[in-house]
Amino acid sequence: MISLYTITEDVLSELAADHAIDDDVTLYAADPDEAHALIESLSWPIRTVVPATEPAVYVADLLAAKLGLPGNDPGTALARRDKAVMRRLAVSAGIRVPAFEVVDELPHVRAAAERIGYPLILKPTTGASSRDVRLVPRPGELEAAITASGTVDLFGAPVRDWLVERYIRGREFAVNAFSLNGRHRILDVWEYRQPDDADYDQPYWDLVQVPHDDPFWGPVTAFTQQVLEVFGVGVGPSHTEVKCDGDGVHLIEIGGRLPGARITDHWVGHCSFRPYDETLSALLGELPELPEPEFDAALGICCLRNDGAAGTLRAIHGLEELRSMPGVDDIHLTYTPGEHVPLTRDLDTVVAKVLVSGADRDSVLNTLETVRHSVKLEVV
């Protein structure tokens with residue numbers, strides 16, 4: 001099994017020194033042709049290429065096709081990664097997306113914004129975790145958004161295009177699915193909940209599993225099934241994000257990967273679906289049938305954000321009490337006292353994620369509220 005990284009070995013060694021432990025073969029290549037050349041130099045038979053970063057999902061699908069291994073449609077691989085290509089494929093297939101324009105230079109955002117209208121979202125076409133996604137509510141705030149926009153994405157690659165798109169007001173969902181031999185099974189649906197009704201560009205506040213009797217479950221999952229067909233997802237996990245308004249369901253993003261935000265940790269603790277084992281089995285061609293997820297609890301995740309000024313994290317008050325609170329399964333800290341904490345703008349700058357579970361959605365919501373009342377960040 002090839003473990004494929006698109007980040008260089010020296011950078012990864014600093015970020016995660018143990019990343020290559022127990023790998024059969026570890027490859028570092030962001031370009032599909034370079035990765036293929038490296039694989040051709042190996043003397044072992046290759047059974048699967050496992051993407052170990054989000055951009056590697058695109059590279060791995062192309063390699064799988066070259067090597068005759070299980071994988072998703074290489075013809076739509078870039079559309080599952082680059083949001084400009086993603087939007088264009090969606091439009092050509094009749095998949096609803098927000099009104100958008102693609103620009104190849106930041107100064108061109110101004111004219112595109114006039115045509116799209118406000119509020120709008122400005123974001124790079126590559127990247128992840130909502131990094132550098134910016135809400136522009138009115139014309140007077142456009143220049144600040146352009147100035148703040150970076151030219152390098154989350155994974156260190158240069159940003160070649162930006163998306164200027166109409167902001168969709170409404171509920172936001174993430175649909176996790178698993179595919180095998182072109183058939184799809186919905187694993188679960190999560191809602192990104194906000195503290196109020198204000199427009200936002202940073203979706204991570206409370207993440208809550210959506211029950212099957214929610215009125216949006218049917219439309220959202222049916223829409224996702226259509227998206228998976230159009231985007232050529234045929235094997236393994238997928239994560240599709242959508243927003244819903246009066247016009248219907250809109251595609252925000254589709255990725256042929258497992259979800260982030262510690263959702264898979266929750267699955268390991270509360271679901272019969274084994275995310276990593278099932279994914280590897282599917283990529284190895286050894287999975288006999290689609291997995292049927294069975295949950296023993298309703299799940300939620302509380303994202304503790306720094307919504308004030310950047311500074312030094314002096315303390316997280318109430319953390320120890322939180323560890324013994326009923327319904328709290330685990331706590332994952334991004335920052336610890338003494339470290340510099342930026343303003344939370346994306347998933348990677350969330351201060352902590354608190355995983356909670358309960359008998360039903362209401363009990364999860366109650367626990368999430370209790371968590372927020374029990375914890376206070378002290379940033380100076």
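Arginine 262 sits in the loop between strand E12 and helix H8 (residues 263-270). Its phi is near 70°, a positive value in a residue other than glycine. Arginine 262 is partly exposed, at 37% relative accessible area. The model is a predicted one.

**Backbone features in loops**

- Aspartate 22 also has a phi near 70°, and it is a residue other than glycine with a positive value.
- The place of aspartate 22 is the loop between helix H1 (9-15) and strand E2.
- Aspartate 22 counts as exposed, with 76% relative accessibility.
- Glycine 117 follows helix H5, and its phi is positive, near 90°.
- Tyrosine 118 and proline 119 are joined by a cis peptide bond, with omega about -5°.
- Proline 119 belongs to the loop between H5 and strand E5.

**Helix H2 (residues 32-40)**

- Which residues of H2 are buried? They are Pro32, Ala35, His36 and Ile39.
- Viewed down the axis of H2, these buried residues fall within an arc of 100°, so they line one face of the helix.
- An α-helix has 3.6 residues a turn, so residues three or four places apart point the same way.
- The cover over the buried residues of H2 includes strands E1 (2-5), E2 (25-28) and E3 (49-51), along with helix H3.
- At the start of H2, a side-chain oxygen of aspartate 31 comes to within 3.0 Å of the backbone nitrogen of aspartate 33.

**Helix H5 (residues 109-116)**

- The buried residues of H5 are Val109, Ala112, Ala113 and Ile116.
- Down the axis of H5, they fall within an arc of 105°, so they line one face of the helix.
- Glu114 and Arg115 are exposed, on the face of H5 turned away from its buried side.
- What do the buried residues of H5 pack against? Their partners are strand E4, strand E5 (120-124), helix H6 (142-148) and strand E7 (162-166).

- Leucine 106 lies in the loop between E4 (100-103) and H5 (109-116).
- Leucine 106 has a relative accessible area of 13%, under the 20% cut-off, so it counts as buried.
- Beyond its neighbours within four places in sequence, leucine 106 is in contact with Ile146, Ser149, Thr151 and Trp162.
- The C-alpha atom of leucine 106 is 29 Å from that of glycine 260, a residue 154 places away along the chain.
- Glutamate 253 is part of strand E12 (residues 248-255).
- Is glutamate 253 buried or exposed? Glutamate 253 is buried, and its relative accessible area is 13%.
- Setting aside residues up to four places away in sequence, glutamate 253 touches Glu54, Lys83, Met86, His239, Thr240 and Glu241.
- Leucine 368 is in helix H11 (residues 361-374).
- Leucine 368 is buried, with 0% relative accessible area.
- Apart from neighbours within four places in sequence, leucine 368 is in contact with Asp206, Val208, Gly300, Ile301, Cys302 and Val356.
- Leucine 368 and valine 354 are 14 residues apart along the chain, and their C-alpha atoms are separated by 8.6 Å.

**The cavity**

- Rolling a probe the size of a water molecule over the atoms shows where empty space is left.
- How many cavities of 30 Å³ or more does the whole structure hold? The search finds 1.
- The largest cavity holds about 70 Å³ of space.
- Its lining is made up of Glu54, Val57, Tyr58, Ala77, Arg80, Arg81, Gly255, Gly256 and Arg257.
- Helix H3 (residues 54-67) gives the largest share of this lining, 3 residues.
- By type, the lining of the largest cavity has 3 nonpolar, 2 polar and 4 charged residues.

**The second largest pocket**

- The second largest pocket has a volume of about 480 Å³.
- It is lined by 18 residues, and Arg81, Thr126, Asp153, Ala157 and Pro158 are the closest to its centre.
- The lining of the second largest pocket has 9 nonpolar, 4 polar and 5 charged residues.

Key: Residues numbered from 1 in each chain as written. Predicted model: local features only at pLDDT ≥ 70, side-chain atom pairs only at ≥ 80, totals over all residues. Heavy atoms only, no water. 1 Å grid on protein atoms, 1.4 Å probe; cavity = no way out; pocket = protein on both sides within 12 Å on 5 of 7 lines; lining within 4 Å. Points joined across faces, edges and corners; volume = space filled by probe spheres on them. Helix = DSSP H or I, 4+ residues; strand = E, 2+ residues; numbered from the N terminus. Nonpolar A, V, L, I, M, F, W, Y, C, P; charged D, E, K, R; others polar. Buried < 20%, exposed > 50% of the residue type's maximum accessible area, 1.4 Å probe, protein only. Arc of directions from axis to C-beta. Contact = heavy atoms within 4.5 Å. Polar contact = N/O pair within 3.5 Å; in protein donor to acceptor, adjacent residues only side chain to side chain.
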